[in-house]
Amino acid sequence: MPHSFGYRARTRHLFSKNFREHGPEHLSTYLKVYRVGDIVDIKANAAIHKGMPHKFYHGRTGIIYNVTKSAVGVIINKRVGNRFVEKRVNIRIEHIKHSKCRDDFLKRVKENAAKKHAAKEAGEKIVLKRQPAQPLPKALIKTAKTSIETISPIAYEALV
């Protein structure tokens with residue numbers, strides 16, 4: 001049973017830094033530009049105690065709704081019982097990073113726009129819907145040079 005119930009209780013491994021990632025914070029962390037509407041991941045940096053989010057928000061993804069000189073306001077949907085409550089959390093920029101959750105979507109949008117443009121110039125009709133993975137095509141397996149081997153389990157023997 002845990003003895004302490006503090007703000008950072010049971011975060012010994014949660015907030016620990018990975019191998020070869022110790023040391024002072026890089027300058028690039030402070031030079032990143034965050035705008036309202038950006039999607040960010042929350043990852044608490046244990047080396048900087050100011051503006052650290054509660055351990056519940058570690059690993060969560062939210063949307064920025066407010067930007068100040070050294071921190072941002074993030075909206076996170078927290079599940080409480082059977083509903084989601086919109087939580088607004090103010091977090092310093094050392095504890096957040098841009099999320100990559102929309103990278104694939106934005107890449108696909110650009111590719112589709114290029115395909116549409118190319119098809120329009122060629123005068124063709126194009127379907128851009130994604131299709132689920134289809135079954136493999138039929139194949140003929142020749143067994144002339146191979147022999148069929150039947151495998152069966154060995155009978156149990158007591159080795160006493």
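A residue is called exposed when its relative accessible area is over 50%, buried when that figure is under 20%, and partly exposed in between. Keep those cut-offs in mind while looking at this predicted model.

Arg20 has a relative accessible area of 74%, so it counts as exposed. Its phi is near 65°, a positive value in a residue that isn't glycine. Arg10 has a positive phi as well, about 60°, and again it is not a glycine. With 56% relative accessible area, Arg10 is exposed. Where do they sit in the chain? Arg20 is found in the segment before H1, and Arg10 has its place in the segment before H1 too.

On to helix H1, which covers residues 28-31 and includes Tyr30. Tyr30 comes out as partly exposed, because its relative accessibility is 36%. Together with Leu27 and Leu31, Tyr30 forms a nonpolar patch on the surface, and the three share about 340 Å² of accessible area.

Now the charged pairs. How many salt bridges does the structure hold? There are 2, listed here:

| Salt bridge | N to O distance |
|---|---|
| Arg88 and Glu86 | 3.4 Å |
| Arg92 and Glu94 | 3.4 Å |

Note on methods: Residues numbered from 1 in each chain as written. Predicted model: local features only at pLDDT ≥ 70, side-chain atom pairs only at ≥ 80, totals over all residues. Heavy atoms only, no water. Salt bridge = Lys/Arg side-chain N within 4 Å of Asp/Glu carboxyl O. Patch = residues over 30% accessible without salt bridge, like charges linked within 9 Å, V, L, I, M, F, W, Y side chains within 5 Å. Areas by Shrake-Rupley, 256 points an atom, 1.4 Å probe, with all protein chains shown as cover. Helix = DSSP H or I, 4+ residues; strand = E, 2+ residues; numbered from the N terminus. Buried < 20%, exposed > 50% of the residue type's maximum accessible area, 1.4 Å probe, protein only.
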